[in-house]
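This report goes through a single protein model, from its confidence to its helices and surface. Please keep the coordinates open while reading.

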Amino acid sequence: MAHQVPAGARITTRLRQAAGRRVRDAGSTVVQAGRDLTLSWPTVMDAFRQVGQKVMTALPGR
């Protein structure tokens, strides 16, 4: 079972993933996702980079 709040983190893993997926899958802007989830722009952008990286590594030839 993954830790819900990793050491040094201020938000849960689940919230971070939700923020990234909101931008990746729901077409929200980083600003709008941050407003909806009450997170900062850098936090949402980092979350989006994480979930985007998973997609990029799953593509053939990457």
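Helices (H or I, at least four residues) and strands (E, at least two) are taken as DSSP runs, numbered from the N terminus. With that convention, Thr-38, which comes just after helix 2, takes a positive phi of about 50°.

## Basis and confidence

The model is predicted, so that local features need pLDDT of at least 70 and side-chain atom pairs count only at pLDDT 80 or more, while totals for chains, interfaces and linings use all residues. Residues are numbered from 1 along each chain as its sequence is written, and side-chain values use heavy atoms, with hydrogens and water left out.

The predictor's confidence in each residue, pLDDT, runs from 0 to 100; its mean over the protein is 86, and 85% of the residues reach 70 or more. Where pLDDT is low, the predicted coordinates should not be read in detail.

## The buried side of helix 2

Helix 2 spans residues 30-37, and within this helix Val-30, Ala-33, Gly-34 and Leu-37 are buried (buried means under 20% relative accessible area, exposed over 50%, and partly exposed in between, with a 1.4 Å probe and protein chains only). Because these residues cover an arc of only 100° around the axis, they are on the same side of helix 2, the arc being that of the directions from the helix axis to the C-beta atoms. An α-helix has 3.6 residues a turn, so residues three or four places apart point the same way.

What covers these buried residues includes helix 1 (13-26) and helix 3, where contact means heavy atoms within 4.5 Å.

Ser-28 is placed in the loop between helix 1 and helix 2, and counts as buried because its relative accessibility is 18%. Apart from neighbours within four places in sequence, Ser-28 is in contact with Arg-22, Val-23 and Ala-33.

Arg-24 belongs to helix 1 and, at 32% relative accessibility, counts as partly exposed. Leaving aside neighbours within four places in sequence, Arg-24 touches Phe-48, Val-51 and Val-55. The C-alpha atoms of Arg-24 and Arg-49 are separated by 9.3 Å, although the two residues are 25 residues apart along the chain.

## Val-55

Val-55 is found in helix 3, which runs over residues 41-58, and is partly exposed, with a relative accessible area of 36%.
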